[in-house]
Amino acid sequence: MTAETSQTLDRGLRVLKLLADTDHGLTVTELSNKLGVNRTVVYRLLATLEQHALVRRDLGGRARVGLGVLRLGRQVHPLVREAAMPALRSLAEDIGATAHLTLVDGAEALAVAVVEPTWTDYHVAYRAGFRHPLDRGAAGKAILAARQSRQNQQNKQGKQGKQGGLDEPGYTLTHGELEAGASGAAAALVGVTGIEGSVGVVMLADSVPERVGPRVVDAAREVADALR
């Protein structure tokens with residue numbers, strides 16, 4: 001901390017980040033241990049964040065991210081879209097297929113940025129704002145695969161009592177799940193706190209060429225780096 005920063009605000013933001021990184025919430029004791037402060041400080045932080053609906057506590061006393069973050073989150077999509085566009089443009093031009101960035105929105109996958117190639121005779125029309133279930137299409141399935149990989153790794157670390165980075169998932173391929181005759185490839189964003197998403201391409205083909213999967217993984221890594 002420096003003279004120009006607020007220790008209380010810093011701790012409050014750290015609480016939100018810790019809660020955003022867990023699916024099951026954290027107790028006051030767990031937050032106290034992670035922050036290295038006493039329980040009284042944590043209670044005050046949580047009470048303040050609850051007043052602004054940024055944190056909620058369930059009947060068991062576990063703190064979770066509150067719905068108030070959604071109001072702040074409405075302004076996130078334009079920033080995420082802007083950060084992702086260079087990598088999406090490069091991907092679309094390189095592969096000759098429509099590239100997209102998809103984020104989780106509740107139980108759905110939401111395309112927030114789309115780039116179509118400029119040199120192809122034809123390509124799949126795919127629009128920002130398009131929604132589909134997470135368990136259909138390469139974009140949503142890549143996100144679910146990363147979620148499962150993250151959970152498996154956390155369980156493994158919990159049993160072994162070790163800490164470490166999460167394994168980076170690969171890519172997901174689908175055909176005809178969202179549009180007849182179209183194939184898709186997508187890879188999840190990895191290591192971006194508070195955002196679940198994927199980068200992918202959709203093309204009119206019976207199958208996805210071999211080089212596309214690794215190229216999509218590279219693009220997802222580029223987008224993740226831009227968002228950190």
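Predicted model: local features only at pLDDT ≥ 70, side-chain atom pairs only at ≥ 80, totals over all residues.
Guide: Ser198 has its place in strand E8.

Visitor: Why is Ser198 called buried?

Guide: The relative accessible area of Ser198 is 0%. Buried means under 20%, exposed means over 50%, and partly exposed is in between (1.4 Å probe, protein chains only). Ser198 is therefore buried.

Visitor: Which residues are in contact with Ser198, and what makes a pair a contact?

Guide: A contact is a pair with heavy atoms within 4.5 Å. Setting aside neighbours within four places in sequence, the partners of Ser198 include His100, Thr102, Ala142, Ile143 and Ala188. Ala139 is also one of them, and its backbone oxygen is reached by the side chain of Ser198 at 3.0 Å.

Visitor: What makes a pair of atoms a polar contact?

Guide: The atoms are N or O and lie within 3.5 Å; within protein, one must be able to donate a hydrogen and the other to accept it, and residues adjacent in sequence count only if both atoms are side-chain atoms. The side chains of Arg215 and Ser90 are joined by such a contact, of 3.0 Å.

Visitor: Where does Arg215 lie, and why is Arg215 called buried?

Guide: Arg215 lies in helix H7. Its relative accessible area is 12%, so Arg215 is buried. Beyond four places in sequence, Arg215 is in contact with Ser90, Leu91, Asp94, Ile95 and Glu222.

Visitor: Why is Arg211 called partly exposed?

Guide: Arg211 has a relative accessible area of 47%, so the label is partly exposed. Arg211 is found in the loop between E8 and H7. Past its neighbours within four places, Arg211 is in contact with Asp94 and Ile95. A polar atom of the Arg211 side chain lies 2.8 Å from the backbone oxygen of Asp94.

Visitor: Why is Val41 called buried, and why is Ala53 called partly exposed?

Guide: Val41 has 18% relative accessibility, so Val41 counts as buried. Ala53 has 30%, so Ala53 counts as partly exposed. Val41 lies in helix H3 (residues 39-51), and Ala53 lies in the loop between H3 and strand E1 (55-57). Ala53 also has a positive phi of about 60° although it is not a glycine.

Visitor: What makes a set of residues a nonpolar core?

Guide: A nonpolar core is a set of buried Ala, Val, Leu, Ile, Met, Phe, Trp, Tyr and Cys residues joined through side-chain atoms within 4.5 Å. The largest one here has 33 residues, and among the members that touch the most others are Leu88, Leu101, Val199 and Val212. Elements that each supply at least two residues of this core include helix H5 (76-95), strand E3 (98-105) and helix H7 (212-227). H5 gives the most, with eight residues.

Visitor: What makes a space a pocket?

Guide: On a 1 Å grid over the protein atoms alone, a pocket is an open set of points with protein on both sides within 12 Å along at least five of seven lines, and where a 1.4 Å probe fits but cannot get out the set is a cavity; lining residues have an atom within 4 Å of a point. The second largest pocket holds about 230 Å³ of space, a volume filled by probe spheres set on points joined across faces, edges and corners. Of its 21 lining residues, Tyr126, Leu178, Glu179, Ala182 and Val202 are the closest to its centre. E7 gives the most to this lining, with five residues.

Definitions and conventions
Residues numbered from 1 in each chain as written. Heavy atoms only, no water. Helix = DSSP H or I, 4+ residues; strand = E, 2+ residues; numbered from the N terminus.
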